[in-house]
Amino acid sequence: MPSSSAADAAGSAISTDARIAGATLAAPPPAPTTPPQPVALRLALPKGRMQSAVERLLADAGLELGGSERDYRPPLAGFDTKRLKPRAIVQMLASGTRDVGFCGLDWVRDEGADLVELCDTRLDPVRVTVAAPAAMAERLAAGAPLDRPLRLASEFERLPLEWAAARGIELDLVRSFGATEVLPPEDADAICDVVQTGSTLRANGLVEIEDVLASSTRLFANRRALDDPTKRERIDELALVVRGVLAARERVVVEVNVDADALDRVVALVPCMRRPTVASLAGDAGFAIKAAVPRTALARLVPALVAAGGRDVLVSRLEQIVP
Ligand SMILES: Nc1ncnc2c1ncn2[C@@H]1O[C@H](COP(=O)(O)OP(=O)(O)OP(=O)(O)O)[C@@H](O)[C@H]1O
Ligand SMILES: O=P(O)(O)OC[C@H]1O[C@H](OP(=O)(O)OP(=O)(O)O)[C@H](O)[C@@H]1O
């Protein structure tokens, strides 16, 4: 009969140690919990002509992109970013692979994308316009019937088709891929294209017939992203700071000192957001009036304040206004 083996002894020793350990050790410390990470919003940023203005807007809102300009996924804390051509942004927002993004209203309408517009930045304002060489422009403007479908060149599709349908014009759409203005008269009768200054139309002898749409860079969101409460919160935060920067660009802070007898007169002149702040100067030396006024009012306001008895006028920029 085997005697109690060394192995048994060892096993018993081990289990005894384990019991001792179990009895004497305090409960293990809870596993470290990482604080819940905010959901990373999938943000689409326009690459190309809209890029610099949008990125300046974000930087002014405290959302400075990292990396280089050629980095198509520029680092931005709390966001999963991608730089994309504006038309691709519209498609990805519509499909839901991106949550929010900046793009032009023109491509949103042309794609028929069902997106939620959060904010019109009013950056890069353009018109989508139908234009043609003078003789054709005259005929179309007069509503004169054509003996064949109108050959209209455009990078857009839905916008010119809707324009023609609303006027009972049969359309032969010539899809263009840039330099649309060069197509008439040989390759097209008319065009539907983006106009900013009008210099490309003029340089190519085209006359505007009718505006189809006014467009600008806007912030759009996917509908399903807005239905998700955690994403919604982040999207609302983004829209709030972007709107805050845009509002701040339209106003400046004006500060002016006045004697007591001029106070009411000067206060009445100030076109502020609510009511101006009025504070007493030390030693009963009069009052300081402070207000955020529309930038467009400034050129007339400052002389008027001085004429009404204002002194020491200070004008300063604002970074954000969140009402
Ligand atoms: N002068 C402009 N010409 C064309 N698009 C403009 C202009 N200004 C603003 N946009 C807007 O830019 C968006 C198109 O941007 P994008 O960078 O793709 O321009 P593009 O000129 O079509 O590109 P590309 O440089 O590749 O030809 C549209 O939403 C359009 O409304
Ligand atoms: O009214 P304007 O100030 O002249 O600007 C409008 C022009 O600018 C864009 O062309 P772009 O230079 O992007 O070339 P593209 O036509 O090849 O896209 C647009 O397609 C128009 O042609």
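Helices here are DSSP runs of H or I with at least four residues, and strands are runs of E with at least two, both numbered from the N terminus. Start by selecting Leu298, which lies in helix α11 (residues 298–307).

Before going further, know what you are looking at: this is a predicted model, where local features need pLDDT of at least 70 and side-chain atom pairs count only at pLDDT 80 or more, while totals for chains, interfaces and linings use all residues. Residues are numbered from 1 along each chain as its sequence is written, and chains are lettered from A and ligands numbered from 1 in the order in which they are written.

**Stop 1: around Leu298**

Is Leu298 buried, exposed or something in between? A residue is buried if 20 or more other C-beta atoms lie within 10 Å of its own, exposed if 12 or fewer, and partly exposed in between, with C-beta atoms placed from the backbone. Leu298 has 14 C-beta neighbours inside 10 Å, so it counts as partly exposed.

**Stop 2: the domains**

Next, colour the chain by domain. The assignment gives domain 1 (41–122 + 217–248), domain 2 (127–215) and domain 3 (251–317); such bounds come from an automatic or database domain assignment. How far apart are the centres of domain 2 and domain 3? Taken over C-alpha atoms, the distance is 51 Å.

Glu255 sits in strand β9 (residues 251–258). Its count of 17 C-beta neighbours inside 10 Å makes Glu255 partly exposed.

Over 248–319 you get 26% helix and 38% strand, and the end C-alpha atoms are 6 Å apart.

**Stop 3: ligand 1**

Zoom to ligand 1. It is surrounded by 14 residues, and the closest are Gly48, Gly104, Asp124, Val194 and Gln196. The elements that give two or more residues to this shell are α4 (105–111) and β4 (116–132). Being near a molecule means that a residue's C-beta atom, placed from the backbone, lies within 6 Å of it.

Why does ligand 1 lie between domain 1 and domain 2? Because both domains give residues to its shell.

By class, the shell around ligand 1 has five nonpolar, five polar and four charged residues. Here Ala, Val, Leu, Ile, Met, Phe, Trp, Tyr, Cys and Pro count as nonpolar, Asp, Glu, Lys and Arg as charged, and the others, Gly among them, as polar.

**Stop 4: ligand 2**

Hop over to ligand 2. Residues around it include Gly178, Glu181, Asp193, Gln196 and Thr200. β7 (190–195) and α7 (199–203) each supply at least two residues of this shell, and β7 gives the largest share, three residues. The class count for ligand 2 is three nonpolar, seven polar and two charged residues.

**Stop 5**

Show helix α5 (residues 134–142), where Met136, Ala137 and Leu140 are buried. They cover an arc of only 100° around the axis (using the directions from the helix axis to the C-beta atoms), which puts them on the same side of α5. Turn to the other side of α5 and you'll find Ala134, Ala135 and Ala142 exposed.

Then try helix α9 (residues 229–249): its 21 residues reach 30 Å from first C-alpha to last, close to the expected 30 Å. That expected span is 1.5 Å times one less than the number of residues. Buried residues of α9 include Lys231, Ile235, Leu238 and Leu246.

**Stop 6**

Finish with the backbone. Pro184 and Pro185 are joined by a cis peptide bond, with omega about 0°; Pro185 is in the loop between β6 (171–175) and β7. Arg122 isn't a glycine, yet has a positive phi of about 60°. Arg122 is in strand β4, and with 12 C-beta neighbours inside 10 Å it counts as exposed.
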